[in-house]
Amino acid sequence: MLLIVGYVLLLHLLEPTHQSGTGYIKFIEYHDTKDCGNSNRECDFYFYQLEVYDSTRRQLVYVETTDDASNRDTVNFEKDIPDTKWEYSFTMKTNDTIMLQTEVWDKDWGINTNDKIRDIDNLVIPYNDITALSIWSSHQFKFNNPYGYFKIKIKISCSEHFEGPGCNYCSDNYYTSTCSKHC
C-alpha cells in the first residue's frame with residue numbers, strides 16, 4: 001500500500017504545471033516572390049485576420065486588416081505599414097502551443113476571388129523553446145515558395161518563481177508539491 005501511495009505522489013510531483021507568463025511578439029518581415037498578376041510582378045500585400053492564438057483557440061493577438069505595402073515583394077511591417085501596431089504582449093500558459101495564422105492578399109488584383117496570395121495556417125511559434133530573457137529571439141518560417149518567408153521576434157517572461165526554457169523550471173529557492181525542479 002505504501003508503494004502505491006509513493007507512486008501516486010511521484011506522479012503528482014512529475015505532473016507538469018501550467019505556469020503563466022507574458023509572451024511578446026514582434027512582426028518583422030514578410031517576403032513572397034509569387035507572381036501577383038500585375039505587370040511589374042510586385043505585390044501590394046496586405047494581411048487579413050492576422051491572429052495569434054493558443055491550443056484552445058483563445059485569441060492572444062488579433063489584427064482585422066492591415067493597410068497595403070505598395071509595390072513590395074518584401075514587407076517590413078513597421079516601415080511599410082506604419083499605421084498598424086506590430087509589437088504585442090499577452091498572458092499565456094508558458095508550456096502551451098502558440099500559433100499564428102493570417103491570409104495574405106494583393107490589393108491590385110481586383111475584386112475576383114484570386115486576390116488571395118497565401119493562407120498561413122497553424123504556424124507554431126516556439127515559445128516553449130526559448131529561455132526567459134530580455135532579448136528578442138528571431139524566427140523565420142519558410143514556405144513552399146523557395147523564397148517566401150515570414151519573420152518574427154519573440155521573447156517570454158516567466159511568472160514568479162519560474163525560469164528556463166518555456167518557464168518550465170522552478171527557481172532554486174522555490175519548491176511546492178507540484179513543482180520539484182522540472183515542471
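Predicted model: local features only at pLDDT ≥ 70, side-chain atom pairs only at ≥ 80, totals over all residues.
**Exercise 1.** In which sense do strand β2 (residues 45-54) and strand β6 (residues 98-106) pair, and over how many bridges?

*Solution.* Strands β2 and β6 pair in the antiparallel sense over eight bridges.

**Exercise 2.** Classify the ring pair of F27 and W86, and then that of F47 and F77.

*Solution.* A pair of aromatic rings is described by the distance of the centres and the angle of the planes. The structure holds 13 aromatic pairs. For F27 and W86 the centres are 5.9 Å apart and the planes stand at 75°; because planes over 60 degrees apart count as edge-to-face, this pair is edge-to-face. F27 lies in strand β1 and W86 in the loop between α2 (77-80) and β5 (87-93), 59 residues apart, and F27 and W86 are buried. For F47 and F77 the centres are 5.1 Å apart and the planes stand at 55°, so the pair is tilted. This pair links strand β2, which holds F47, with helix α2, which holds F77, across 30 residues.

**Exercise 3.** Decide whether G21 is buried or exposed.

*Solution.* G21, found in strand β1 (residues 20-31), has a relative accessible area of 8%. Since buried means under 20%, G21 is buried.

How values were computed:
Residues numbered from 1 in each chain as written. Heavy atoms only, no water. Helix = DSSP H or I, 4+ residues; strand = E, 2+ residues; numbered from the N terminus. Buried < 20%, exposed > 50% of the residue type's maximum accessible area, 1.4 Å probe, protein only. Pairing = 2+ DSSP bridges. Phe/Tyr/Trp six-rings, centres within 6.5 Å; stacked < 30°, edge-to-face > 60°.
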